[in-house]
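Here is a friendly walk through one model, from strands and sheets to a single side chain. Have a look at the sequence and the fold, then read on.

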Amino acid sequence: MPRTPHSSPHLRVMSVLGLLAALLLPLGMTLAPRATAAPAADPVRIMPLGDSITGSPGCWRAVLWNRLVTSGYKDIDFVGTLPPQGCGQAHDGDNEGHGGELVTNVADQNLLPGRLASTRPDIVVMHFGTNDVWSSISPDRILAAYTKLVAQMRASNPDMRILVAQLIPMNPSSCTACAQRVVDFNARIPGWARATGTDRSPVTVVDQWTGFSTATDTYDGVHPNASGDDKIAARWFPPLAAALDAVPPDPGGPGDPGGDPDACTARFRAVSTWQGGYQGEVTVTNTSASAVPGWTATVVPAKGTRLTQVWNGALTTAADGTATVTNAAWNGALTPGASATFGFVASAPATAGTPAATVTCAGRAPAG
């Protein structure tokens, strides 16, 4: 007579668990959590804002884009409602550079909010006002337009970082007074920026005027040629890199320096002094265990002192005198333990004592 098979206690337990799972699944429940992938970090969105110098074709944007990418800034997105306009090199060409536009008209007609809503920038890079200066509009009115645009930027993004250019020189044959008007207007921008910037949404002034020649860097006394594009991009790069580094980073994003903040050190020394100024130098050392392709140093001189000239690096000076120096093309790559030195000349009050400055640095994360 055949025996009726008996299931083991282990099999009976497994059957009960299987039945329980079958009952729970229709209710949307599972016996174990399921892993999900982390969302990808959003790129930092940068709006180039201005007139034809920015957008028609505004090839300094192509030069700037490629320098950022080769320096390790991968998760970035140039944004604007206008498409690329050539320039002969691959780049993200979206922009907000409208040829012939006046910044006062953009403010009066409230044109910017719609453009901001379409593009949602985190950083604005603004060279705007050339047509206003040409049209003999007063600096007070242009700066009032600047103020209105900044308020609209902050309404779009309370943490907006804003880079504002002192305009490149202008000397068209049809406007003999334009050259001095640019000088007069540029002189007003730092004071306006000091009054307008906030800790949460800083306004950084970028000197695009000094060292720029309408004779050699433009093709018509107004619009930059290839040499002018290179100069404009070189002036934008250090403060834009600093703004990117200051944006709260997503894991692996462009604001993440890719290492310990102590992996780079900077040392200041005064080389020589004279009444009203001194020559100094800063040595940047890679103290990490990995090579870096570039570096940025910040120099905060004593009160009333300003860096006026730098060699072996690119200088940008904020309204409060804080200087940002980015490596030159030939001294950026540092192996572990290697150093690079840049020199500078500083102006100082006649009553200043021994030269002093606070210096810090950051290494650039390798590309990839």
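Buried means under 20% relative accessible area, exposed over 50%, and partly exposed in between, using a 1.4 Å probe and protein chains only. Helices (H or I, at least four residues) and strands (E, at least two) are DSSP runs, numbered from the N terminus. This is a predicted model, in which local features need pLDDT of at least 70 and side-chain atom pairs count only at pLDDT 80 or more, while totals for chains, interfaces and linings use all residues. Residues are numbered from 1 along each chain as its sequence is written, and side-chain values use heavy atoms, with hydrogens and water left out.

Let us begin with strand S5 (residues 161-166). Of its 6 residues, 6 are buried, so S5 is largely enclosed by the rest of the structure. Arg161, Leu163 and Ala165 cover one side, and Ile162, Val164 and Gln166 the other; all are buried.

| Strands | Sense | Bridges | Residue pair |
|---|---|---|---|
| S4 (residues 123-127) and S5 | parallel | 4 bridges | valine 125 and leucine 163 |
| S5 and S6 | parallel | 5 bridges | valine 164 and valine 205 |

From S5 the chain crosses through helix H8 (residues 178-196) to S6, a right-handed β-α-β crossover. Right-handed here means that, with the strands pointing away from the viewer, the path from the first strand over the helix to the second runs clockwise.

Glutamine 208 counts as buried because its relative accessibility is 1%. Its side chain reaches the backbone oxygen of isoleucine 232 at 3.2 Å. Contact means heavy atoms within 4.5 Å; leaving aside neighbours within four places in sequence, the contacts of glutamine 208 include His127, Ala165, Gln166, Ile232 and Trp236.

Now for the antiparallel strands. An open sheet of 4 strands has the order S11-S12-S9-S14. S11 (313-317) and S14 (357-363) are at the edges with a single partner strand each, so one side of each lacks a neighbour in the sheet. Neighbouring strands of this sheet are turned by 20 degrees against each other on average, direction ignored. Helix H10 (residues 226-246) lies across S11 and S12 (323-327), at about 70 degrees to S11. Such angles run from 0 to 180 degrees between N-to-C directions, with axes fitted to C-alpha atoms, for helices over the stretch in contact.

Terms used: Pairing = 2+ DSSP bridges. Polar contact = N/O pair within 3.5 Å; in protein donor to acceptor, adjacent residues only side chain to side chain.
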